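Dear colleague,

I am passing a structure on to you, with some notes on what turned up when I went through it. Please read the notes with the model open beside them.

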Amino acid sequence: MTLHRKCFSWIPKCLLTRVSGTCRVHCAQRLYHRNVGLYTRQQNNRHETYSLSKFGHIGLRAFHGSQSLLLSKILSVEEIFSKPLMQEYLKKVEDEYDVCLKSLNTTDGERYNEEELSQKRTRVSVLTSLMQQIRDLKLKQKEFEETEALLKDNDPELRELAEMEREACLTAIEDMRQTILSLLVPAEESDMSDLVLEVTAGVGGQEAMLFTAEMFDMYQSYAAFQGWGFDILEYSPSELGGLRHGSASISGPLSYKKMKFEAGVHRVQRVPKTEKQGRVHTSTMTVAVLPQPTEITLTIQPKDLRIETKRASGAGGQHVNTTDSAVRIVHIPTGVVAECQQERSQLKNKETAMKVLRAKLYSMKLEEETSRRYQTRKLQIGTKGRSEKIRTYNFSQDRITDHRIGKTVHDVRGFLLGEDLLDDMSLSLQQFSEQETLLEVLGDNGS
Amino acid sequence: MVFRQKIFWRFLHQRNRVTLRQVSTASVVGEKVIAHISSKLTVQQALNQWAECFQVTGVSEPNLSSQHIIAHVLGHKTLNSLSKRGLTQVLSQPQVERIWKLCHKRLTRMPVQYVIEEWDFRDITLKMKPPVFIPRPETEELVSLVLADMEQRGGASRYPDTVDFLEVGCGSGAISLSLLQSQKQIRGMAIDQSAEAVALTRENAQSLGLHDRLTVSQVDVIKDADWLVKSCSRVGVLVSNPPYLFTEDLDSLAPEIQRYEDRAALDGGEQGMLVIDQILTLAPRLVTENG
């Protein structure tokens with residue numbers, strides 16, 4: 001089962017009223033489409049609910065700028081395609097393609113300068129695969145109509161064959177629609193990178209630190225579950241076995257894509273180990289996810305860096321004997337600081353600090369580029385997302401709620417193992433984000 | 001010194017009364033104070049105790065010393081490698097005894113590297129033994145520079161038996177072994193005027209598996225200059241971290257260095273240039289044309 005099939009079995013119902021500029025919550029929403037049965041089959045034995053009412057309330061919140069108001073996931077590809085907006089958009093894409101192609105091939109091309117021509121060429125190459133899919137879809141739909149006609153035939157054998165053909169056609173159409181949807185959503189360049197994960201204990205003292213340690217372990221097992229590399233860059237334990245601040249470098253395919261929505265404030269409600277009276281306490285911890293750039297994506301000038309080691313003050317070298325190998329690197333233009341004292345060798349600490357610094361700078365750069373786009377979204381990344389309460393872990397009621405998409409999962413212990421349950425949550429978040437992206441793409445072009 | 005010991009003794013007793021249930025015996029043996037603790041002690045408690053103890057007695061870098069020693073006894077390089085339960089785990093009796101023994105050594109201002117008898121340099125771990133000179137962090141930079149230069153030239157020489165670099169004053173072998181570890185093809189020669197340094201370098205080379213690519217000899221670069229030039233073929237790289245301190249400064253150094261490290265490894269004469277000058281004088285006869 002390919003990825004796009006899993007992700008694109010939904011539809012934002014608000015497209016119905018998009019043209020009028022307002023959005024209404026529709027109570028009668030299909031939660032399970034037959035196609036999504038393939039995706040939710042794995043989830044059926046998990047106790048999942050979509051809290052619609054909660055969502056509806058949030059959905060009515062006004063946003064600045066774009067009019068994308070998202071509701072819970074509606075899972076039907078057919079409906080999205082039958083919407084006028086979608087059809088309009090597809091038509092627009094086709095026209096654009098034809099125009100570009102024509103201008104490149106005919107003598108009219110001389111009218112445009114080199115830059116415009118190259119732009120048109122790139123546009124054509126991007127749209128080619130999409131156009132192919134659209135054309136294939138149209139052909140398939142025609143085929144479908146023909147088989148429909150055959151259904152009315154008198155011959156029962158022919159009718160049976162027609163039935164089978166019809167089924168096959170429908171599946172093929174569904175597939176093609178999903179491919180088109182996935183082609184419409186632009187891929188993010190940063191999705192391919194590795195990441196640096198940072199966890200910090202928040203409000204709640206020792207209990208918060210204990211929870212932070214558990215979360216760090218969860219992410220470590222998740223990395224193992226996914227087959228990613230997990231290198232601990234920093235681990236500052238607390239007295240009772242908790243974790244004040246920890247950071248790790250995670251490397252592997254699609255690691256950033258799957259982990260990027262973990263960033264934010266996680267809240268836990270339980271009776272702490274330190275509690276004598278059995279009262280439930282609320283503590284928080286913060287997760288920050290920083291994508292790691294490659295050499296090409298981000299180059300740092302050595303002259304912009306100030307490397308501070310313990311020896312900076314006074315005489316060094318043979319005059320002094322020290323075991324302090326902590327390194328602190330400051331990027332002067334931006335003021336970003338990264339430090340490391342994990343290893344005994346100063347050089348190794350310097351390498352680690354550089355790694356973290358690059359990740360921080362890259363994440364800042366990325367944020368500048370994407371902030372405009374992500375402004376009105378529910379799923380935030382970067383520093384804006386870092387201060388938002390994204391998830392609550394309630395041990396006494398044994399449930400975990402992600403507030404951004406309104407998804408509730410039970411079995412907290414199982415979730416903290418960092419395996420299937422966390423993977424499902426991550427998948428839902430990715431789907432939701434793609435949904436938001438698609439809306440924007442359609443919105444920018446439609447209204 | 002005695003005054004300090006008294007403070008420490010009183011201090012240790014005080015701590016024991018507060019944090020531990022039982023102190024079975026405590027005896028003073030010469031300058032050392034050995035306290036036998038029979039009750040449960042966690043890693044965190046041991047850390048705190050010794051850090052305070054070092055602070056009170058004026059030992060430099062109290063927290064770090066405590067951390068490095070205890071991490072070493074637990075079999076790790078740093079405490080950061082411990083799992084989340086690490087700090088709360090209870091120490092076994094042999095572990096406690098070992099920690100106490102090592103920390104007492106530190107009380108005499110013995111450098112941590114000599115106490116735990118090892119230290120990291122770049123990506124290798126080397127054995128440390130007094131009085132052989134402890135590699136400084138700045139030397140790691142020196143090795144980076146040499147490696148960058150070597151890469152620019154194009155790596156190892158074409159003939160497998162020739163020596164690619166010569167290190168003068170190898171000490172524990174940090175520079176040579178680091179170079180050999182990074183560049184798998186090259187061969188080197190290391191000399192030092194101290195017999196202990198030569199022995200230690202050979203030992204380190206053996207444990208790192210690099211002994212077949214390194215020749216270590218006890219040679220005094222000032223006294224045995226002619227012998228050196230005759231026996232060593234020309235090399236592409238001559239590297240050294242020679243003694244460069246002024247003789248007059250030697251007495252103002254920290255006790256760690258004064259008491260335990262080889263004076264000859266630090267003393268560069270009046271101007272700090274004795275050994276350096278000698279090396280530079282010999283250099284034209286030791287180094288190849290393009291070296």
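With which residue does A:Lys350 form a salt bridge? The partner is B:Glu141, and the closest N and O atoms of the pair are 2.2 Å apart; please bear in mind that this is a predicted model.

Between chain B and chain A the count is three salt bridges, together with 14 residue pairs in polar contact. On the chain B side, helices H3, H5, H6 and H10 and strand E3 each supply at least two of the residues that touch chain A, with H6(B) giving the largest share, five residues. By class, that side of chain B divides into 19 nonpolar, ten polar and 14 charged residues. In total, 43 residues of chain B are in contact with 29 residues of chain A, and the area buried between the two chains is about 3,100 Å², of which carbon and sulfur atoms give 47%.

As for pockets, the largest holds about 900 Å³ of space and is lined by 40 residues, with A:Tyr235, A:Ser236, A:Gln341, B:Gln67 and B:Asn80 nearest its centre. The largest share of this lining, five residues, comes from E3(A), and the lining divides into 14 nonpolar, 16 polar and ten charged residues.

The second largest pocket, at about 560 Å³, is lined by 38 residues, and those nearest its centre include B:Gly169, B:Asp192 and B:Pro243. Here H11(B) gives the largest share, three residues, while the classes are 20 nonpolar, ten polar and eight charged.

Best regards

Key
Residues numbered from 1 in each chain as written. Chains lettered and ligands numbered in written order. Predicted model: local features only at pLDDT ≥ 70, side-chain atom pairs only at ≥ 80, totals over all residues. Heavy atoms only, no water. Contact = heavy atoms within 4.5 Å. Buried area = accessible area lost by both parts, 1.4 Å probe. Salt bridge = Lys/Arg side-chain N within 4 Å of Asp/Glu carboxyl O. Polar contact = N/O pair within 3.5 Å; in protein donor to acceptor, adjacent residues only side chain to side chain. Helix = DSSP H or I, 4+ residues; strand = E, 2+ residues; numbered from the N terminus. Nonpolar A, V, L, I, M, F, W, Y, C, P; charged D, E, K, R; others polar. 1 Å grid on protein atoms, 1.4 Å probe; cavity = no way out; pocket = protein on both sides within 12 Å on 5 of 7 lines; lining within 4 Å. Points joined across faces, edges and corners; volume = space filled by probe spheres on them.
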